[in-house]
Amino acid sequence: MAAYTHIIVGAGSAGCTLACRLTEDPDTRVLLLEAGAWDRDPHIHIPLLWPRMFLRQRNDWGFFTEPEARMGGRRIEVARGKVIGGSSSTNAMAYVRGHRADYDRWAAGGLPDWAYAHVLPYFRRQEAWEGGTNAWRGGDGPLTTRFSRYEDALIDAFMASGEAAGHPITEDYNAARQEGFGRWQCTIRGGRRCSAADAYLRPARQRHRIDVVTGALVSRVLFESRRAVGVEYLQQGKRQTVRAERETILAAGVIGSPHLLMLSGIGDPEVLSRHAIEVRAPLRGVGQNLQDHMSSPVVYARRGNGPLHRHMRADRIAVDLARVKLTGTGIAGDIPAGAMAFLNSGAGSNVPDVQFLFIAAPMTAGPYFTPFVRPYQDGFSCRAVLLRPESRGHLRLASADPAVPPRIVANFLATDRDRAVLRAGLRMARDVGRQKALQPFVAAEIAPAPDDWSDAGLDAHIAMSGITVHHPLGTCRMGADGDETAVVDGELRVRGVEDLRVIDASVMPDLIGGNINAAVIMIAEKASDLLRGRPPLPAATSA
């Protein structure tokens with residue numbers, strides 16, 4: 001049995017971060033196991049090609065929920081990256097940290113070391129912000145972050161309309177103030193995606209202290225008594241076993257990590273017994289507490305054609321694709337999503353509870369998704385996102401066969417408040433769309449239809465059009481001692497066993513107010529100090 005100091009299961013945002021930080025120590029030898037392939041698909045690296053990758057489910061696990069009662073009985077896709085870099089190689093490259101109150105809420109729930117003052121230094125350590133170092137931002141980290149450089153007068157008009165509708169403007173929603181309309185921030189470097197694989201894993205490989213194995217489906221964690229000592233995995237039909245001298249780390253994500261725990265005998269005893277799995281640690285919280293951000297759009301036909309539409313002619317876009325590859329410049333080096341907003345619906349929250357994602361291009365069919373095919377009607381949309389939902393879902397173990405994914409019950413919009421806040425978000429988006437600055441760009445309001453703005457009409461629109469923003473988390477949540485539903489403690493150690501940690505989005509207790517990739521990397525940065533026995537970074541005192 002091959003032996004390593006650490007085994008990391010999953011080469012996503014957390015796994016790549018951990019691989020980089022652990023291999024900084026000369027006495028380590030790390031094995032990184034990934035079920036997907038290397039990130040060689042050009043769709044990953046050229047930002048403008050992201051929508052085609054997303055719609056065609058390239059480099060994706062292909063997960064779907066069970067039929068969702070509040071979503072018209074639809075099975076909602078649960079996009080998760082199955083590739084080196086994980087979802088940081090397949091997401092829309094937005095860089096959002098959430099609200100400082102999110103982390104203070106975790107601290108108030110019994111996790112004092114996860115307060116905003118304690119996590120901010122790790123957000124700063126992860127990034128190379130184009131504006132340089134300040135009290136909130138980091139200037140010399142591995143992950144390149146910058147404002148969107150997509151140029152379209154429509155984006156400026158959207159920002160002006162938000163201000164005209166009575167909302168504030170925020171210069172940097174990742175700094176002192178989140179609430180308001182701001183320029184989209186993204187993880188793009190030189191016109192190409194800056195994934196966790198680019199930022200963290202490739203530098204780690206240069207140290208020659210890591211082995212990366214792709215196409216490896218981990219089937220179970222191996223134990224000696226209570227101690228995790230390694231894993232078993234399948235590759236090209238062959239069963240392999242490897243040993244960890246120090247710790248085994250699950251970074252397989254919100255679906256993969258709880259699934260692997262259950263296959264290894266850690267979970268609800270009643271569920272495990274139904275699949276003839278021996279119980280090693282009775283943790284009923286495994287697979288519970290599933291949350292995600294649900295969204296729905298207000299859609300417009302555009303008067304005239306925007307810059308992306310004009311570049312979609314075959315000869316022009318071919319030049320732009322070559323330009324971004326060779327020089328890192330041009331329209332293909334961004335996605336047409338130049339603005340974002342965080343707003344309060346007035347439903348009783350003291351922090352923003354709605355996010356706007358503004359897309360300055362059609363998000364349906366046409367050459368934006370299938371380039372070079374036919375002319376199309378230009379358009380744009382504003383997606384209203386429900387932040388911090390009350391609804392909770394869960395995973396159900398479907399089989400003891402590791403190749404069979406668990407059943408995903410998301411339970412979207414199960415509470416009256418969740419539905420009310422998302423309706424309010426759509427109405428706020430419509431109000432912004434009716435401001436004077438946007439009117440020159442609006443040829444027609446397409447959806448919801450003019451007579452569909454009652455509560456019942458909006459609920460029907462959401463049921464038909466709603467998709468997640470692909471921020472699932474919480475299925476191995478961390479909690480304080482004595483919390484019977486917590487799967488890991490405040491140091492991300494799995495309860496009831498030894499030398500096994502979960503370090504990924506599944507440990508987050510609840511949803512933060514925004515996209516989660518930055519937070520997942522922060523968690524892995526902080527956890528790497530725990531694994532290395534290093535003191536935590538000093539708490540922030542001035543931000």
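Reader: How many cavities of 30 Å³ or more does the count come to?

Author: On a 1 Å grid over the protein atoms alone, a cavity is a set of points where a 1.4 Å probe fits but cannot get out, whereas a pocket is an open set with protein on both sides within 12 Å along at least five of seven lines; lining residues have an atom within 4 Å of a point. By this rule there is one cavity of 30 Å³ or more. This is a predicted model, in which local features need pLDDT of at least 70 and side-chain atom pairs count only at pLDDT 80 or more, while totals for chains, interfaces and linings use all residues. Residues are numbered from 1 along each chain as its sequence is written, and side-chain values use heavy atoms, with hydrogens and water left out.

Reader: Which residues lie closest to the centre of the largest cavity?

Author: Of its 18 lining residues, Leu290, Gln291, Asp292, Ala410 and Phe412 are the closest to the centre. The space in this cavity is about 140 Å³, a volume being the space filled by probe spheres set on the points, which are joined across faces, edges and corners.

Reader: Is Gln126 buried or exposed?

Author: Buried means under 20% relative accessible area, exposed over 50%, and partly exposed in between (1.4 Å probe, protein chains only). Gln126 has a relative accessible area of 0%, so Gln126 is buried.

Reader: What is Gln126 in contact with, leaving aside its neighbours within four places in sequence?

Author: Contact means heavy atoms within 4.5 Å. The partners of Gln126 include Tyr95, Pro142, Tyr200 and Glu525. The C-alpha atoms of Gln126 and Ala199 are separated by 9.1 Å, although the two residues are 73 residues apart along the chain.
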